[in-house]
Amino acid sequence: MEPRGTCLRNREGLGREQPEQPAGEGNTETHRAPDLVQWTRHMEAVKTQLLEQAQEQLMELMDRATWEAVKSYPQLDKPLPSTPPASLSKTRGSSFGKRKVFIIRKSLLDELMEVEHFRTIYHMFIAGLCVFILSTLAIDVIDEGRLGLELDLLIFSFGQLPLALITWFPMFLSTLLIPYQALRLWARPVAGRIWMLGAGLACVLLAAHVALVCLLPIHVAVEYQLPPASRSVLVFEQVRFLMKSYSFLREAVPGILCTRGGKGSGAPSFSSYLYFLFCPTLIYRETYPRTTSIRWNYVAKNFAQTLGCLLYACFILGRLCVPVFANMSKEPFSTRALVLSILHAMVPGIFMLLLIFFAFLHCWLNAFAEMLRFGDRMFYRDWWNSTSFSNYYRTWNVVVHDWLYSYVYQDGLWVLGGRARGAAMLGTFLISAMVHEYIFCFVLGFFYPVMLMLFLGFGGLLNFAMNDRNTGPAWNVLMWTLLFLGQGLQVSLYCQEWYAQRHCPLSQTTFWGLVTPRSWSCHP
């Protein structure tokens, strides 16, 4: 949408007839051309400055409107926030004390899909999937003389899925019942020894809940040798249950403490906690903005796209990775082979990154949000436009970022008295890197700290080196180049280690044998 002044200038320019110039005035027009270019640049700078000022005024106006809406809402014995409307825009710049605000909004890709040019890019990815399927069929016909779609990798990855779902059920029951009952025990009136016994019982129940959710999936995965996709179901649900349990207690316990002081609203309802366990957010609130209806065709479309992404990933791994890395560990190690394998893995690696983003952060979360009429669909931002890794980490996965920001970074600042932001940020990076490495270790079945080194080492350094002040397009190109290299490194090293674990099994299980990468010494 053009500014009003631009439209007026266009209409005036179209309606005004240009006078004929005498032949001798051509040199005058030539001398005026640089002045016209400078004037155009000046007006563009003025336009940009006016738009920035208008945006600041609009933000201040929205802050005041939000304050008035909160002030006029019936509070049911809850105290009003003490922040005056004139200082809302000032506190926006301070990261200490911010809370996640949920509003009704669509996912960014849903908005972009309304643009025909962006839908064409989406159609190109669908065409690529069709090409993969046709090439697979053609190769099977030419090489083996039969027509069939090989889905062995997909079937292997989701092997023993019923066992994983059976294991999920006690994890869910524990998360559903124990944190809420523990909160109710803490919320009972203080009556000396009786309350102390109840509070102690609540702590024991929470410890048992954490032990069950942490140890049960590990035991099942190791004992029954679950394949990667079935392990993914368990580990993602394990981390999700722990994060949701912590968020529920972290948000509800202060309300109970305020109730004893004559403020607050007491323990939340069980229905709100049950809804929170399934809605696509890790930040607990008693109520969320809800949409008016459920679009079941939208739900079916997102689940179908998730299945398509799984097929796409299997074709990429089967055609671009398995033929390269299956026999690599059987050959003598050389730096040349390692570098070539990393370069070869960059394209499938970035494809896997995009497929994981689209399948989970867009399709899967939007499907559940639609079924539950969850209004806030901002599960990610425009991370692809990032010119710094700090912005990339904030916008890639908003769901996890909000949890880390609220309960690790902000609580860390509170413990440190609002100081040492660098230490709080470093602690957030450390926890995030360790959890990411744990997920990779759980899914793949071996310890190889590639993700830990890339996330904590290079990612942490780049987070401070490439800051938000770098806004030029060259920085975006640099960020994408580093993403390509990082994904190629991960795919190459993890694939080599996967096949080395199978070609060179340990003759005797030792601690150092488990933590030492097998691909470094496996050359049968």
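Biologist: At what angle do the axes of helix α12 and helix α17 cross?

Modeller: In this predicted model, the axes of helix α12 (residues 335-371) and helix α17 (residues 473-503) come within 6 Å of each other. Angles of 65 to 115 degrees count as roughly perpendicular, and α12 and α17 are therefore roughly perpendicular to each other. The crossing angle is roughly 110°.

Biologist: How many charged residues does the contact of α12 with α17 have?

Modeller: On the α12 side the contact includes L338, I342, M346 and L353, which meet a set of α17 residues including W480, F484, L489 and Q496. Sorted by class, the contact has 14 nonpolar and six polar residues. The number of charged residues is therefore none, with Asp, Glu, Lys and Arg being the residues that count as charged.

Biologist: Which side chain of opposite charge is nearest to R231?

Modeller: R231 lies in helix α9 (residues 228-260), and, leaving aside residues up to four places away in sequence, R231 touches A221, V222, Q225, L226, F442, V443 and G445. R231 is buried yet has no salt bridge. A salt bridge would need a distance within 4 Å, whereas the nearest side chain of opposite charge is 10 Å away, and that side chain is E223.

Biologist: Is L365 buried or exposed?

Modeller: L365 is found in helix α12 and, not counting residues up to four places away in sequence, touches P280, F360, F379 and V399. Because its relative accessible area is 10% and the cut-off is under 20%, L365 is classed as buried.

Key
Residues numbered from 1 in each chain as written. Predicted model: local features only at pLDDT ≥ 70, side-chain atom pairs only at ≥ 80, totals over all residues. Heavy atoms only, no water. Axes fitted to C-alpha atoms, helices over the stretch in contact; angles between N-to-C directions. Helix = DSSP H or I, 4+ residues; strand = E, 2+ residues; numbered from the N terminus. Parallel < 35°, antiparallel > 145°, perpendicular 65-115°, else oblique. Contact = heavy atoms within 4.5 Å. Buried < 20%, exposed > 50% of the residue type's maximum accessible area, 1.4 Å probe, protein only. Lys, Arg positive; Asp, Glu negative; His and termini not counted.
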